[in-house]
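Subject: Structure handover

Hello,

The structure you asked for is below. My notes on a few local features follow it.

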Amino acid sequence: MSKYLFEVGVEELPYKFIPMAINQLQQGFEKFLDENNIKYDNVKVMATPRRLAVIVSNLASSQPDSEKIVKGPIVKVAYDEQGNLTKAGEGFANKNGVSKQELYTEDNYVYAKISVKGKNTKDLLQENVPHIFSKLQGPHFMRWGNNDVKFSRPIRWVLSILDCEEVPIKIIDKESSNITNGHRFSTQNIEIHNPDEYIERLREAKVIVDQDERKAKILELTKIEADKLNAVTKISEDLLEEVTFITEYPVAVTCDFDMAYLTIPQEVAVTVMETHQRYFALYTKEGKLINKFVTITNYIGNEYENIKAGNLRVIKARLDDAVFFFNEDTKKPLSAYVESLKGMTFQKGMGSVYDKTQRIIKLAEKISLALGINKPSIKRTAELCKADLATNLVFEFTELQGFIGADYARVSGEEEGVQNGIREHYFPLNADSETAKTPEGQIVGIADKIDTICAVFAAGKKPTGSSDPLGVRRAALGIIKTILEHNIKLNLSDVIRNAIELLPVKADIQADVEEFFVQRLIIFLNSDYQKNILDACAVNNPCKDLCDYLLRVKAVSNLNNEKLNENANRILRILKENVTETISEELFVLPAEKELYKEIQGISFSGDYQEYLSDLIKINPAVTKFFEDVLVMDKDEKIKNNRLALLNSLKNKYIMLTDFSKL
């Protein structure tokens with residue numbers, strides 16, 4: 001078995017493109033090998049800012065030989081009356097390299113069974129690898145030099161080796177060889193004799209080519225630096241990936257900054273370090289930010305003073321701006337910024353941010369009333385929740401809206417519930433982040449997000465395909481997660497109706513918004529529950545009580561009773577039309593009718609759907625007996641209608657739980 005190595009050296013790639021290239025190369029090579037029936041064990045794609053590399057392990061030396069059936073002309077064309085091959089028949093045989101004896105007939109046609117010798121893997125690689133690379137796609141591709149082919153960055157070298165033998169290929173304008181290059185400030189022109197030595201030879205040249213190894217190394221180095229200070233890090237996966245793909249040989253350097261900068265909101269300093277400078281902030285074990293950070297540098301050497309000085313110079317300028325804005329902003333209380341929201345447009349046709357704030361206040365009051373919560377801090381949170389949008393610091397650090405507002409509320413002397421509510425009303429910030437924990441954050445957050453969703457729908461901009469104006473999908477998911485995680489008993493349909501009524505334009509969008517929520521709810525829960533169960537339980541509008549819907553889904557997911565399903569579906573098939581008649585006990589003729597009526601009367605919902613489901617299962621014998629003994633469509637119209645009414649009452653019991661026809 002063989003091993004193939006392919007590497008393309010480039011100028012530094014944009015870090016966001018690298019994961020895309022890894023996935024595309026992985027899929028491209030696997031598809032090529034599978035389609036050509038070339039056996040292999042593994043395709044490993046590795047990447048740094050300056051190279052994309054692929055190693056295919058245990059690769060077969062060639063395709064296996066195969067047989068192919070080729071269809072020829074019809075019999076009377078291939079053979080004459082004496083059974084001899086005609087010119088057409090001989091041409092078919094010669095074309096496919098078979099003798100007359102090897103031809104056979106079937107369904108009045110002539111066929112040839114041909115042995116096809118498998119192609120050499122080296123030849124197939126030579127033909128296909130450039131094609132695989134040419135299919136790479138990414139943002140901002142452009143032409144370099146005199147080349148017509150576009151790529152993310154100029155190609156500098158190409159390495160292509162099968163075992164110890166070079167596989168000559170050409171990528172754009174570069175011919176391949178067995179030469180690669182190390183770190184930009186280390187060994188160059190490294191000769192690779194076989195793929196097995198590739199990773200280690202590059203490591204000697206200060207390149208950790210495997211991104212997984214590089215990522216683990218970054219975490220290890222950062223922890224070592226943090227442990228020296230008895231500190232900890234909180235490294236996000238996004239930041240870790242970015243740092244991984246901007247370095248070839250990570251080296252950790254700890255830097256510090258003036259303690260005075262810790263007076264600004266912690267989130268601001270962290271954003272400067274992580275988002276703007278790609279540093280790893282350091283914290284005490286209690287979670288408080290300290291005036292030190294770790295930077296990962298792509299550096300070879302032992303002298304770090306210039307690195308520290310350069311990083312400190314950059315971060316000082318950013319933090320100086322933050323301190324200035326913070327000091328300017330806090331010269332007046334947070335409430336003083338509310339008036340400035342009148343000059344900020346929320347959405348065309350939907351008023352200013354100030355107008356939106358007034359709607360949030362009214363919606364929050366209605367939600368509080370519906371939940372039986374009476375806290376003045378909720379209204380105060382709603383009044384101030386968008387005020388920080390008018391501050392200098394949020395203008396500079398837009399991603400920190402809410403966090404800065406919470407800190408300014410603290411400086412302004414607002415109570416803790418208001419501070420937390422302002423920060424949390426934007427939660428969850430993404431699909432994996434936490435939801436609001438305080439009533440202020442939950443209620444004001446729901447009001448804010450509902451207003452945004454309804455405004456977008458009313459403006460005729462509901463999300464379609466990849467288009468999602470103002471992030472309404474994320475807003476809907478945020479509401480769903482908040483309600484379900486905290487078991488909030490809220491009629492979302494009423495909240496949607498109230499939000500629509502408060503909009504400056506009138507639009508008939510209630511049903512569309514509710515359907516949108518149901519779709520997002522089903523998508524959110526689909527990872528834990530079967531799609532058909534989620535659809536079946538949506539027969540009763542989930543928006544009226546999301547928590548109740550989830551309880552029904554959980555109960556039905558545990559259902560394992562074919563008889564119940566059979567009985568419920570039989571009744572649903574019979575009752576295709578609405579039944580308006582009421583049940584009259586005097587019209588019962590057979591004992592099975594009376595028994596079923598008695599059993600149905602004994603079923604009531606006590607709040608436990610698992611118990612309710614058990615009750616439905618218990619009456620299965622009575623339902624079965626009814627269908628065995630009773631002819632529903634009796635000739636007597638009154639008796640027939642009474643029996644239909646009886647079944648309808650049972651149907652309502654079933655439908656209260658789920659639509660069994662969809663299970």
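Helices H20 and H23 are oblique to each other, since their axes cross at roughly 50 degrees and the oblique class takes what is left after roughly parallel (under 35 degrees), roughly antiparallel (over 145) and roughly perpendicular (65 to 115). This is a predicted model, in which local features need pLDDT of at least 70 and side-chain atom pairs count only at 80 or more, while totals for chains, interfaces and linings use all residues. Residues are numbered from 1 along each chain as its sequence is written, and side-chain values use heavy atoms, with hydrogens and water left out.

H20 covers residues 546–557 and H23 residues 609–618, and the two axes come within 9 Å. Axes are lines fitted to C-alpha atoms, for helices over the stretch in contact, with angles from 0 to 180 degrees between N-to-C directions. Helices (H or I, at least four residues) and strands (E, at least two) are DSSP runs, numbered from the N terminus. The crossing of H20 and H23 is right-handed (near helix turned clockwise from the far one by less than a right angle; anticlockwise is left-handed). Asp-548, Leu-551, Arg-552 and Ala-555 of H20 make the contact with Tyr-609, Gln-610 and Leu-613 of H23, contact being heavy atoms within 4.5 Å.

H15 (residues 439–458) and H16 (residues 472–485) also have axes that come within 9 Å, crossing at roughly 145 degrees. Their crossing is left-handed. On the H15 side the meeting residues include Ile-446, Ile-450 and Ile-453, and on the H16 side they include Ala-475, Ala-476 and Ile-479. By class, the contact has nine nonpolar residues, four polar and one charged (Ala, Val, Leu, Ile, Met, Phe, Trp, Tyr, Cys and Pro are nonpolar; Asp, Glu, Lys and Arg charged; the others, Gly among them, polar).

Gln-347 lies in the loop between H9 (305–329) and H10 (353–371). Gln-347 is buried, at a relative accessible area of 7% (buried is under 20%, exposed over 50%, partly exposed in between; 1.4 Å probe, protein chains only). Leaving aside neighbours within four places in sequence, Gln-347 contacts Ala-455, Val-456, Ala-459, Lys-461 and Leu-470.

Strand E9 (residues 155–162) has seven of its eight residues buried, so it is largely enclosed by the rest of the structure. E1 (residues 2–10) runs antiparallel to E9, joined by seven bridges; pairing requires at least two bridges found by DSSP. Leu-5 stands opposite Ile-161 in E9. E9 also pairs with E10 (residues 165–166), antiparallel over two bridges. In the hairpin of E9 and E10, with two residues between the strands, Asp-163 takes a positive phi near 55 degrees.

Regards
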